[in-house]
Amino acid sequence: MTLRVDVLTLFPDAVTQYATTSVLGRAMERQVWELHVHDFRDATSDVHRTVDDTPFGGGAGMVLRAEPILQTLDDHPEIARPLIALTPSGRRFTHAVAKELSALNGFALLCGRYEGFDERVVDLVVDDEISIGDYVLAGGELAALCVIESVVRLLPGALGNDESSVDETFSEGLLEYPHYTKPAEVRGLGVPEILRSGDHARIERWRRAQALHRTVARRADLIEQRGGLSDIDIAVMAEFPLLEGNGHTG
Ligand code: 6GU
């Protein structure tokens, strides 16, 4: 089944350009997903094609008008639902939300600009509001692309044979262990000896220990979310303590 994604934006070329490149572009060619981009400036009816106006109540910045967005939805009843608005005041986007969206037949993303859109758009047509993190972007386009990429790569057939989204960061609630490739020495830095030992059971425990050490050091909130460290976690971390320089020499 092909996932249908609609994007409502004032910058259709920026969205299309990225979404047809690399992993997303290849997945689109394989019909894992399809993209329908709608420029809501096309749904304006005044000569200046005005999409924004000053806020009632005063204050800085401009607000996106409701009508071009509502008209776009009226003109295109085929636009997928739910309609998700991208805004820094939305609920936080996480791997769990990406999984939710990847289970749908489709969804639409509304990209805000300026100070946001008229709240009546939210009242009338928006089903959900999402933010990708606690910082402010100039518009929702980059956020929409983050959502699309993280969702599409979870779909069957989206990634190549030697890529996988099963075994990576966040699918397990831990950060990734460090990776190395050839050559064995880079500007005086080696590769942890164990990775060249051929002892696969031991390598797996070492990687697990590194993922745990990293997550404890950088994202204690993730450890808490998974209910703390298990006895097995503690044992494997003790078997492979964190070495200086992230273990490059050991
Ligand atoms: Cl979804 N939009 C904007 N404009 N800024 C953001 C965001 C979204 N998520 C985090 N910052």
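Reply: Pro88 is exposed, its relative accessible area being 55%. (Buried means under 20% relative accessible area, exposed means over 50%, and partly exposed is in between, with a 1.4 Å probe and protein chains only.) Before going on, keep in mind that this is a predicted model, where local features need pLDDT of at least 70 and side-chain atom pairs count only at pLDDT 80 or more, while totals for chains, interfaces and linings use all residues. Residues are numbered from 1 along each chain as its sequence is written, and side-chain values use heavy atoms, with hydrogens and water left out.

Back to Pro88, then. You'll find Pro88 in strand β5. (Strands are DSSP runs of E with at least two residues, helices are runs of H or I with at least four, and both are numbered from the N terminus.) Setting aside residues up to four places away in sequence, Pro88 touches Ser131 and Tyr135; contact here means heavy atoms within 4.5 Å. As for Phe56, Pro88 is 32 residues from it in sequence and 21 Å from it in space, C-alpha to C-alpha.

What about the inside? The largest nonpolar core has 29 residues, and those touching the most other members are Val5, Trp33, Phe107, Leu109 and Val147. (A nonpolar core is a set of buried Ala, Val, Leu, Ile, Met, Phe, Trp, Tyr and Cys residues joined through side-chain atoms within 4.5 Å.) Strand β5 (83-92), where Pro88 sits, is among the elements giving two or more residues to this core, along with β1 (3-9), α1 (12-19), α2 (22-29), β2 (33-39), α4 (95-102), β6 (106-111) and α6 (141-152). Helix α6 supplies the largest share, 7 residues. As a rule, nonpolar side chains in soluble globular proteins tend to be buried together.

Leaving out neighbours within four places in sequence, Trp33 is in contact with Thr2, Leu3, Val5, Ala19, Leu24, Ala27, Met28, Ile148 and Val152. Two of those turn up again in α2, where Val23, Leu24, Gly25 and Ala27 are buried. The buried residues of α2 pack against α1, β2 and α6. After α2 comes Gln31, with a positive phi near 60°.

Arg49, in the loop between β2 and β3 (52-53), isn't a glycine, yet has a positive phi of about 55°. Arg49 is partly exposed, at 35% relative accessibility. Arg187 also has a positive phi, about 45°, without being a glycine; Arg187 lies in the loop between α6 and α7 (200-218) and is exposed, at 85%. These are worth a glance because most residues other than glycine have a negative phi, and most peptide bonds are trans.

Speaking of peptide bonds, the one joining Arg81 and Pro82 is cis, with omega about 5°. Pro82 is in the loop between α3 (66-75) and β5, which brings us back to the strand of Pro88. A cis bond also runs from Lys182 to Pro183, with omega near 5°, and Pro183 is in the loop between α6 and α7.

On to the largest pocket, which holds about 730 Å³ of space. Its lining has 25 residues, and Phe93, Thr94, His95, Ala96 and Phe170 are the closest to its centre. (On a 1 Å grid over the protein atoms alone, a pocket is an open set of points where a 1.4 Å probe fits, with protein on both sides within 12 Å along at least five of seven lines; lining residues have an atom within 4 Å of a point. Points are joined across faces, edges and corners, and the volume is the space filled by probe spheres set on them.) Helices α4, α6 and α8 (220-225) each give at least two residues to that lining, and α4 gives the largest share, 4 residues.

Last, the cysteines: the structure holds 0 disulfides, a disulfide being a pair of cysteine sulfur atoms within 2.5 Å. For Cys111, the nearest cysteine sulfur is that of Cys146, 11 Å away. Cys111 is buried, at 0% relative accessible area, whereas Cys146 is partly exposed, at 39%.
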